[in-house]
Amino acid sequence: MNRCCANTNVSCIPKLGVFQLHKARNNFTNAELICNDEGGLLADITTRYHTEQLASLIATERIKEAFVGLSRLEYPGEFLNSLGYPLNCLNYRAWAPGEPKPKENAKCVTLTSKMQWKITSCSRELPFLCELSPNGPYRPCQKFYTLKRKQRCLEILKASLPRTNRFPKCGDPDYFEMVDKRRSNRKRNRNRQHY
């Protein structure tokens with residue numbers, strides 16, 4: 001890991017990006033808002049490389065666990081990452097033994113220095129990791145500034161995504177365009193048959 005800025009908590013991880021580790025403790029909601037204010041998101045951990053590198057980053061700072069961009073919303077057992085993609089659309093998992101706990105009040109995920117994911121209460125105050133991106137990744141709900149509206153947007157997006165592993169893959173932004181084209185082609189073909 002290379003330090004890339006004057007702020008000692010900002011780290012450049014090759015082939016991964018720039019991350020801001022906040023040692024000051026905050027709850028999950030405030031952590032999200034702070035990351036958004038910095039032009040980023042809570043760090044995505046849904047690949048092995050992300051989990052390993054970010055766990056190494058928090059371990060070097062002697063932090064046991066930190067909030068990251070993975071949380072359960074309205075649907076029990078289903079999680080969304082910081083980009084708005086459901087975890088069931090992604091292949092990688094790093095749950096600690098016995099996780100995720102089925103507790104009602106535990107909806108937010110932390111990354112431990114031992115490269116494991118744990119579920120905890122969102123009201124807990126912990127350090128957190130922001131993923132900074134000057135141009136930003138695909139963020140379908142970025143235009144909403146209040147957490148309640150952003151969560152509602154993510155819920156609607158999640159409900160609209162395919163539930164199986166059929167083509168196109170889950171979360172593909174071109175999916176809706178493709179469906180609309182198919183519908184209009186079918187309609188056009190039906191109209192031609194009647195003449």
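**Strand pairing, cores and salt bridges in the predicted model**

In this predicted model, strand S3 and strand S9 (residues 126-132) run antiparallel and are joined by six bridges. Within this pairing, Val 18 stands opposite Leu 132 in S9. Strand S3 (residues 17-26) also runs antiparallel to strand S2 (residues 10-13), to which four bridges join it, and Val 10 has Gln 20 of S3 as its bridge partner. The hairpin of S2 and S3 has three residues between the strands, and Lys 15 takes a positive phi near 65° there.

A further antiparallel pairing, over five bridges, links S7 and S8, with Trp 117 in S8 as the bridge partner of Leu 111. These two strands form a hairpin with four residues between them, in whose turn Met 115 has a positive phi of about 65°. Strand S8 is largely enclosed by the rest of the structure, because four of its five residues are buried.

In soluble globular proteins, nonpolar side chains tend to be buried together. Here the largest nonpolar core holds 25 residues, and those that touch the most other members are Ile 45, Leu 54, Leu 70, Val 109, Leu 111, Trp 117 and Leu 129. At least two residues of this core come from each of S3, helix H2 (48-60), strand S5 (65-72), strand S7 (106-112) and strand S8 (117-121), and H2 gives the most, with four residues. When residues up to four places away in sequence are not counted, the contacts of Leu 70 include Phe 28, Ile 45, Phe 79, Trp 95, Val 109 and Trp 117. A second, separate core has ten residues, among them Cys 35, Phe 67, Phe 128 and Cys 130.

Side chains of opposite charge can pair when their charged atoms come close, and the count of salt bridges in the model comes to three. In one of them, the side chains of Glu 61 and Lys 23 meet at 2.8 Å, N to O; since Glu 61 lies in the loop between H2 and S5 and Lys 23 in strand S3, the pair ties together parts that are 38 residues apart in sequence. Glu 61 counts as buried because its relative accessibility is 18%, under the 20% limit, whereas Lys 23, at 41%, is partly exposed.

The side chains of Arg 124 and Glu 65 also meet in a salt bridge, at 3.0 Å, N to O. Arg 124 lies in the loop between S8 and S9 and Glu 65 in strand S5, so this pair ties together parts that are 59 residues apart in sequence. By contrast, Arg 48 and Glu 52, whose closest N and O atoms are 3.8 Å apart in their salt bridge, both lie in helix H2, four residues apart, about one turn of the helix.

Conventions: Residues numbered from 1 in each chain as written. Predicted model: local features only at pLDDT ≥ 70, side-chain atom pairs only at ≥ 80, totals over all residues. Heavy atoms only, no water. Pairing = 2+ DSSP bridges. Core = buried A, V, L, I, M, F, W, Y, C linked by side-chain atoms within 4.5 Å. Buried < 20%, exposed > 50% of the residue type's maximum accessible area, 1.4 Å probe, protein only. Contact = heavy atoms within 4.5 Å. Salt bridge = Lys/Arg side-chain N within 4 Å of Asp/Glu carboxyl O.
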